[in-house]
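I opened this entry to keep track of what I looked up in the model. The notes follow the order in which I looked.

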Amino acid sequence: MNIDGKDCLIGITCLGFAVAIHAIIYVLVQKYCDGIPVLTYNAMPSFAAAFLLFLVSIMFERIHINSFTWESMSAVAYLGVVASVGGIVAYFRLGQVSTPFQASICFLIFPLIAILISCYVSGEVFSKQSLLIMIPLFLGILLTKMPKRFFRTRA
């Protein structure tokens, strides 16, 4: 689709659109899917999204099978199996023993693991950008884990 680093506004818009759709789906699922197993109502939208992405890639991308590498296929498998399925299972399990906000922190950890694996496989180190982006991530995690009394004594 000829989207590169200069087109970050398109990426940000698409990401925001995806988050909005995800939120709407969760609200509709809570309202209309009572009694359906959690993995089922998470697997169906994921399958639909994967199918749509596959169709879009066939229509708009020039796929070169010879450019597939073991590293890229491993990354896709990790993100598909561990990060998404593992993340959903971890989120709902953690949601049973903590607040939904604290449980959602598990989705922040999986991309960090992906970056670490990528750096290890490619023999690179974290970029300065990655390190700077992690600062608000870790501050957010720290804020969610702080006891409420900490903020009452400071106010």
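I note here that the model is predicted.

Next I looked up the secondary structure. The protein chain has seven helices and zero strands. Read from the N terminus on, its elements run α-α-α-α-α-α-α.

I then checked confidence. The mean pLDDT of the protein chain is 75, and 84% of its residues reach 70 or more. Among the elements, I found the lowest mean pLDDT, 68, in helix H4 (residues 100-103). The highest, 78, belongs to helix H6 (residues 128-145).

For burial and surface I took totals. The protein chain has 155 residues, and buried residues make up 12% of them. Its accessible surface comes to about 12,700 Å². Carbon and sulfur atoms account for 73% of that surface.

I turned to the second largest pocket. What is its volume? I read about 200 Å³. Two elements give two or more residues each to its lining, helix H3 (70-97) and helix H5 (106-122). The lining residues are Glu71, Ser74, Ala75, Tyr78, Leu79, Ala114, Ile117, Ser118, Val121 and Ser122. By class, I get six nonpolar, three polar and one charged residue in this lining. Glu71 is the charged one, since Glu counts as charged.

Last, I looked up Ile115, which is found in helix H5. The cut-offs I used are under 20% for buried and over 50% for exposed.

I also checked the spacing of Ile115 and Ser130. The two are 15 residues apart in sequence. In space, they are 8.7 Å apart, C-alpha to C-alpha.

Notes:
Residues numbered from 1 in each chain as written. Predicted model: local features only at pLDDT ≥ 70, side-chain atom pairs only at ≥ 80, totals over all residues. Heavy atoms only, no water. Helix = DSSP H or I, 4+ residues; strand = E, 2+ residues; numbered from the N terminus. Buried < 20%, exposed > 50% of the residue type's maximum accessible area, 1.4 Å probe, protein only. Areas by Shrake-Rupley, 256 points an atom, 1.4 Å probe, with all protein chains shown as cover. pLDDT = per-residue confidence, 0-100. 1 Å grid on protein atoms, 1.4 Å probe; cavity = no way out; pocket = protein on both sides within 12 Å on 5 of 7 lines; lining within 4 Å. Points joined across faces, edges and corners; volume = space filled by probe spheres on them.
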